[in-house]
Amino acid sequence: MKAVWRVADVRAAEAGLMATLPAGTLMRRAAAGLARRCALLLADRGGAYGARVLLLVGSGDNGGDALYAGALLAGRGAAVEALLLSPDRAHPEGLAALRAAGGRTVDDLPARADLALDGIVGIGGTGGLREPARRLVERLPQVRGRDGGRATVVAVDVPSGVAVDTGHVPRDPAGRADALRADVTVAFGALKPALVVGEAAGYAGQVDLVDIGLTPWLRGTPALRVTEWSDVVDGWPRLGPASEKYTRGVVGLATGSATYPGAAVLSVGGALAGPTGLVRYAGSAAAEVLRRYPSVIATGRVADAGRVQAWVCGSGLGAGEEAAAELRAVLAAPVPVVLDADALTMLVDGSMADRLRGRDAPIVVTPHDREYARLCGEEPGADRVGATLRLAAWMNAVVLLKGDRTVVGTPAGQAYVNPTGTPALATGGTGDVLAGLLGSLLAAGLPPERAAALAAYLHGLAGREAARHGPVTAPDVAVALRPVLARLP
């Protein structure tokens, strides 16, 4: 998993590294990586030679990175213009390097540029963009390249204006975002939270990480980690000659109802796509489940289901007394449980919530934002990672907070973010598929935080796979899990 670091940790690492290097070396390393990426982008628009490059330059080191990169691009034959937002506070050595390479300064946005470098403010910025940067960013889409398209926008380290440690995008009183939206962000030395989580991740565009030698100096605990395909490959249970259905794990599902039989079918479909060898269903939608999946062992109640290694409970279950009795039976079982949808609604009852804290076996809860608000009495807010970790500590459970960048948090304070989310999954029933897949991974023996992280990652890939064929429904996602998992070695 890729580590993501808070601003304070990055600053401390930079200070440690710079103490071992000649003055200016670290900035020049960063600028060299930035210029290389910009040159590759310009190659797609006719090449760096003769291209027009605009630098938006703030007063800090972020502006210095942009100026040094601009000097290198000018050396490749690009016409580089720098718009200095605070001319008297621009990085002096970077500005001198740009001018020596043939670059020049301008007083306003030009009409033409193939590429615009956002060096307005870096990881030290807080509170969104301020004037005159806000007005310049609003007008930036009007700048056009030699091919007639808008200028490619490249953010230096982070998009200017975003809240770097939380991924929040500040807004003005009219509700407009006070941040720059980039096509590409070139990050230096380490990923920062705003590049991978929250609304800000969408403002970062494609993220490229430039190695500047910072890794050995990053100490302590990362803010969060980003799941990768290699984590799925390494963590997926392997079959051997002695494998059989019981050793692979048995997952039980107390989902669906006569009112919502589809939730049972969808959650079972997600479980069958996972690594377990047997699925037991307990509920009033047994006939519908067996009609679709005859390999499932179905009963009417949790108490009659037999032994399982994990339970999934809640999707489409309802919230009446019968549903509550099934939830109590699931919570009484000494195995890991996934609580989704209606199970979360019933947890708002204090007596039911108390049962969570008395359990020894792992719990994973899977709220979306409205369910989070019902559990906590407030929305997740600007800091989704912090909100997830607070709920995880309070419930003593792993929390999978669903969203475009799903966050997984543990009671011990570890956090993971999923990079594969897609708006195609914003349709009814897809969460039921996720819950079933997650339960299958738990039954196969994966630790709850790893099971949650891998389930979210694969669920996102399945959503993308399904979207390749048109509008997505939840059954499409369950089916698409199979070709996704077929890529495993």
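## Strand β6, covered on both sides

In this predicted model, β6 has five of its five residues buried, so the strand is largely enclosed by the rest of the structure. In a regular strand the side chains alternate between the two faces of the sheet. You can follow that along β6: Thr 152, Val 154 and Val 156 sit on one side, Val 153 and Ala 155 on the other, and both faces are covered.

As for neighbours, β5 pairs with β6 in the parallel sense through four bridges. Within that pairing, Leu 117 is placed opposite Val 154 of β6.

## The sheet around it

Zoom out and you get an open sheet of seven strands, paired in parallel and ordered β4-β3-β2-β5-β6-β7-β8. The edges belong to β4 (104-106) and β8 (206-210); each has a single partner strand, so one side of each has no neighbour in the sheet. From one strand to the next, the twist averages 25°.

Elsewhere in the sheet, β2 (residues 52-57) and β3 (residues 79-84) run parallel and are joined by six bridges. Have a look at Leu 55, which stands opposite Ala 82 in β3. Helix α2 (residues 25-43) lies across β2, β5 (115-119), β6 (152-156), β7 (184-188) and β8, and its direction is at about 160° to β7.

## Helix α8, another enclosed element

What is the span of α8? From first C-alpha to last, its 13 residues reach 19 Å, close to the 18 Å expected at 1.5 Å a residue. Ten of those 13 residues are buried, so α8 is largely enclosed by the rest of the structure. The buried set is Ala 263, Ala 264, Val 265, Leu 266, Ser 267, Val 268, Gly 269, Gly 270, Ala 271 and Ala 273.

So what do the buried residues of α8 pack against? The list is β10 (250-254), β11 (278-282), α9 (286-292), α15 (430-443) and α17.

## How α8 meets α17

Two packed helices are described by the angle between their axes and the distance between the axes. For α8 (residues 261-273) and α17 (residues 474-485), the axes come within 9 Å and cross at roughly 0°. That makes α8 roughly parallel to α17, since angles under 35 degrees count that way.

On the α8 side, the contact involves Leu 266, Gly 270, Leu 272 and Ala 273; on the α17 side, Ala 474, Pro 475, Leu 481, Arg 482 and Leu 485. Sorted by class, the contact of α8 with α17 has seven nonpolar residues, one polar and one charged.

Methods:
Residues are numbered from 1 along each chain as its sequence is written. This is a predicted model: local features need pLDDT of at least 70, side-chain atom pairs count only at pLDDT 80 or more; totals for chains, interfaces and linings use all residues. Side-chain values use heavy atoms; hydrogens and water are left out. Axes are lines fitted to C-alpha atoms, for helices over the stretch in contact, and angles run from 0 to 180 degrees between N-to-C directions. Helices (H or I, at least four residues) and strands (E, at least two) are DSSP runs, numbered from the N terminus. Angles under 35 degrees count as roughly parallel, over 145 as roughly antiparallel, 65 to 115 as roughly perpendicular and the rest as oblique. Contact means heavy atoms within 4.5 Å. Ala, Val, Leu, Ile, Met, Phe, Trp, Tyr, Cys and Pro count as nonpolar, Asp, Glu, Lys and Arg as charged, and the others, Gly among them, as polar. Two strands pair if DSSP finds at least two bridges between them. The expected span of a helix is 1.5 Å times one less than its number of residues. Buried means under 20% relative accessible area, exposed over 50%, partly exposed in between (1.4 Å probe, protein chains only).
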